[in-house]
Amino acid sequence: MLLNAVLFAPLLGSILTLLLPQQAVRKFALVFSILVFAASLALVGPAGSGGETWVTNVPWIASPAIRYHVSLDGLSLWLVLLSTLLTPVCVLVSWSYIQHRPKEFYAFLLLLEFGVVGVFVAMDLFLFYVFWEVTLVPMYFLIGVWGHERRIYATVKFFLYTMAGSVLMLAAIIYLYHRAGTFDYPLILELIDSGRLLFNGAEQTLLFLAFFVAFAIKVPLFPLHTWLPDAHVEAPTAGSVMLASVLLKLGTYGIVRFCLPMFGNAAHEHAGWIAALAIAGIIYGALVAMVQPNMKKLVAYSSVSHLGFVVLGIFSFTQQGLDGAVYQMLNHGISTGALFMLVGMMYERRHSLEIKAYGGVANPAPWLAAVFLITTLASIGLPTLNNFVGEFLVLQGVAMTNFNWVVPAALGVVLSACYMLWLYQRAFLGEASEEVRSHVTDLNFRELAALAPLLFLMVWMGVGPQSFLPPVSAANAGILRRSQSNVEYQVKLEPIRPGPVLTKVIARD
Amino acid sequence: MISNYLPAGVEYLRILPEMTLTVFGALLMLLEARAGAGHRRGLAYLALFAILLAMGGTIVAAASPGPAFQKMLTVDGFAAFFRMLVLGVGALAILCSGAYLAREKADSGEYYALILFSLAGQSLMVSAAELMMVFIGLEISSIATYVLAGFLRDDKRNNESAIKYFLLGSFATAFLLYGVAWIYGVTGTTYLNEIRLFLRNPVVAAPPLVVGGSAALMFVGFAFKVSAAPFQLWAPDVYQGAPAPVTAFMSAGPKAAAFAVLLRVYSTAFADVSGNWIPIIWASALFTMIIGNFAALTQQNIKRLLAYSSIAHAGYVMVAVTAHSEIGIAAAMFYLTAYAFMNVGAFAVVTHFSRQGERYVNVDDLAGLGVKHPLLAAAFGVFLLSFIGIPLTAGFFGKFYIFKAAIDSRLYWLTVFGLLNSAVAAYYYLRVLVVMYFHDPGEATETLAPPSTGIRLVLAGAAVATLILGIYPSLLLDIATPSAILAR
């Protein structure tokens with residue numbers, strides 16, 4: 001029941017926002033989204049074990065049987081919380097920046113929250129597709145109305161890329177129904193487990209690819225990433241934050257949730273080139289980020305690099321790799337979200353995204369510089385901060401599968417230190433110019449309040465991963481078991497050693 | 001005994017809608033002569049009243065299903081469904097027309113009478129069980145629509161539209177008639193069920209060439225009416241030239257009726273030779289989608305854009321026809337209804353926005369509509385999202401059901417191509433959304449007056465229906481599914 005409330009409250013809030021007077025909307029949106037977040041915190045208790053909880057399963061459409069089936073497990077738990085946390089944060093970030101048509105802005109923001117939470121909790125393939133497409137519309141408007149100069153090009157590109165991928169997924173979903181007679185995901189898994197639903201090689205490959213391409217576009221996996229820098233650069237700050245922190249996770253979430261358990265054979269079979277693309281993305285994203293003169297673009301390309309890590313971890317098919325990948329999804333959401341917020345705050349002051357317009361910002365704005373530094377360090381994977389845990393686990397998992405993949409992947413970590421620290425050096429250190437001195441003021445209370453929860457999480461997730469990992473590991477163990485029980489033959493891959501359960505590793509370290 | 005040739009009482013009941021429409025159509029013509037300039041509005045209300053009566057008549061007729069008039073007509077769920085659909089389209093078109101006709105100073109009873117006659121023809125078409133009846137219904141509907149397309153006599157574009165529609169349309173119906181003649185030559189009957197029985201009879205092997213030829217000739221006629229490739233060329237010019245409310249009517253009502261006939265003829269008379277015609281319809285469906293969508297990409301004129309989009313949507317329905325199953329028929333019925341709502345809604349926006357002489361019909365004229373007229377833009381936005389096929393709109397479920405039917409009939413490639421097509425289509429619909437919401441208001445939006453009550457009713461009704469069918473498609477599908485059983 002509570003899960004339904006958390007899911008539908010943003011939709012209600014979105015409608016209410018449109019009915020409220022102009023000056024009350026942002027306060028309403030803030031209070032409302034904080035309440036939704038508070039309610040979502042209460043979801044943790046029963047979901048902490050990682051199993052499927054908060055199930056609602058009622059018929060929606062009679063023929064073909066489509067059910068409103070939502071639930072929460074260890075995989076979706078933190079992603080839902082990340083979405084509900086970032087919505088109030090985005091409201092705070094947009095507080096003074098959004099002056100133009102604020103009503104619609106907050107309505108779309110809440111509608112987006114509805115869509116993404118729906119994607120994470122939907123357990124019926126059809127319902128999943130519905131939410132998947134629903135997220136497109138608010139994002140399209142957020143970029144298109146409140147974005148920068150080339151916003152229209154960027155938003156149309158974003159929409160068409162996603163749409164092109166997802167129509168094939170729809171074909172695959174309909175085909176699955178044709179074969180399984182149901183859209184209900186747990187039921188389909190059960191049919192596969194019990195051997196009543198078997199796919200031959202070609203079928204499995206095509207279905208896997210149809211799902212995978214839709215998700216890979218969203219991730220975005222190199223070379224399907226080209227919509228991302230455009231969308232990020234042109235989006236308003238809140239749009240970039242939601243896009244980077246939550247929307248990209250829809251893709252990796254989909255891979256873990258659907259591609260691995262349903263099409264284990266095909267996933268193993270195609271792991272080689274997917275890992276190669278992931279590694280290419282890691283290196284390419286990092287190299288391109290290094291030469292970007294535009295801060296937002298730099299962070300956007302760093303996302304391509306970070307998400308490559310996540311995909312690589314998933315296709316290592318090890319407990320560590322998967323746990324690390326899911327943990328990295330959350331980490332990236334927090335640290336890159338914070339980076340986009342900081343860049344947005346700098347833009348509000350100096351009205352430029354060019355790195356060379358800054359320099360010496362640490363001088364007039366020490367708090368801004370300090371927060372940026374912490375976020376930078378988190379992003380490059382400094383131990384005791386969140387990304388370190390995720391990257392370490394991913395690399396460990398990947399090392400168990402194929403050591404050759406580790407070297408270039410680790411190189412990505414080194415490169416991320418290069419571009420982020422170089423950015424910090426150019427923007428924050430050195431002599432402050434007159435414009436910087438006069439325009440760039442320090443963070444105000446509202447901005448600190450927006451950043452504080454993210455900073456807190458960076459540290460907490462860095463030093464206390466045990467608070468977060470157990471439900472994730474439990475859910476991943478199930479997914480991994482399915483993806484491997486699916487493998488009747490292992491042609492291209494070496495045997496996969498079952499790694500020790502992750503929490504033990506961390507405890508030992 | 002003469003009484004054997006007279007239809008039984010209940011058979012009159014079964015053509016209640018057609019009778020109502022014809023009587024009121026004639027009445028409107030008479031009243032037109034007597035009505036002064038100030039009373040034209042009353043005629044519109046009378047036409048609406050007639051349509052409501054005809055809807056009631058449809059329900060009464062559907063309560064006692066069965067054949068009528070020497071089995072030339074058959075009143076079944078399928079007929080009732082499409083009768084309601086075309087009548088609904090007619091009512092919405094009349095609601096759109098009042099303000100338009102007053103603005104163009106062409107308000108007259110003839111217009112409404114023509115709509116009623118056209119509806120009577122469509123109503124006959126969808127319940128015809130015999131090929132001559134199909135032809136007669138088609139002609140009644142078409143002739144009225146030809147006149148409507150050129151209703152503004154002094155307008156060059158209207159005349160072009162009407163002439164083009166008339167010449168090509170009559171040519172196409174001639175093909176249909178020729179096909180009927182061929183099949184009569186082979187089977188000695190024009191009754192759909194008897195043709196079916198003849199063709200499935202292994203003893204009297206029908207010459208396949210002639211049967212195929214007649215099916216193909218009839219396909220030419222129907223394909224023209226539904227604007228399916230390669231007979232879609234007329235549609236953009238005619239849709240662009242005709243008065244906007246007439247285009248709304250043409251692209252939803254007669255098209256739905258023509259699809260109904262197409263479905264009925266090919267799933268009854270030619271059901272057992274499906275192996276011969278499915279490849280042709282397969283190709284036609286594919287090319288209709290491709291031509292419609294790709295040509296729409298570059299259109300500047302909103303009416304032309306919607307015309308190409310209408311071709312593309314006909315292509316999706318052709319996919320359902322290709323599926324050749326009851327699920328496919330139900331999917332087509334759902335889709336045509338959903339399409340009727342969104343398309344009439346979209347044309348209602350165009351009708352209102354274009355102003356006198358249809359001055360503002362470019363996509364760019366809509367700039368800033370979202371700021372200046374948020375409700376109008378929101379309604380248009382709902383229709384456009386529904387055209388794209390975004391979930392929670394009727395258009396999405398329409399596509400979903402069609403492609404599900406296609407996959408059930410193992411048309412995998414057609415499904416993949418069709419879905420990719422709908423991704424292409426997103427581009428040109430998005431362009432309209434972009435202009436409406438992301439551009440600054442221009443002259444055309446600044447000077448726009450609020451819409452008339454009729455248009456408001458259409459917009460609200462169509463938008464609500466699009467959303468409700470997008471959330472609870474079962475409401476309609478549960479009616480369509482049992483009605484889709486045609487041949488038994």
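Reply: Ile61(A) has Ile66(A) as its bridge partner in strand S2 of chain A. This is a predicted model, in which local features need pLDDT of at least 70 and side-chain atom pairs count only at pLDDT 80 or more, while totals for chains, interfaces and linings use all residues. Residues are numbered from 1 along each chain as its sequence is written, and chains are lettered from A and ligands numbered from 1 in the order in which they are written.

S2(A) covers residues 66–72, and strand S1(A) covers residues 53–61. Strands (E, at least two residues) and helices (H or I, at least four) are DSSP runs, numbered from the N terminus. Six bridges join S1(A) to S2(A), and the two run antiparallel; strands pair if DSSP finds at least two bridges between them. The link from S1(A) to S2(A) is a hairpin of four residues. Five of the seven residues of S2(A) are buried. A residue is buried if 20 or more other C-beta atoms, placed from the backbone, lie within 10 Å of its own, exposed if 12 or fewer, and partly exposed in between.

Next come two helices of chain A. Helix H8(A), residues 151–180, packs against helix H11(A), residues 227–234, at about 135°, with the axes 8 Å apart. Axes are lines fitted to C-alpha atoms, for helices over the stretch in contact, and angles run from 0 to 180 degrees between N-to-C directions. The angle makes H8(A) oblique to H11(A); angles under 35 degrees count as roughly parallel, over 145 as roughly antiparallel, 65 to 115 as roughly perpendicular and the rest as oblique. Among the residues that make the contact are Tyr153(A) and Phe158(A) of H8(A) and Trp227(A) of H11(A). Two residues are in contact if their C-beta atoms, placed from the backbone, lie within 7 Å.

In chain B, Leu95(B) is found in helix H4(B), residues 77–103. Leu95(B) counts as buried because it has 23 C-beta neighbours inside 10 Å. Leaving aside neighbours within four places in sequence, Leu95(B) is in contact with Gly454(B), Leu457(B) and Val458(B). Ser452(B) is 357 residues from Leu95(B) in sequence, yet their C-alpha atoms are 9.5 Å apart.

Last is the contact between the chains. It takes 25 residues from chain A and 25 residues from chain B. On the side of chain B that touches chain A, H18(B) gives the most, with twelve residues.
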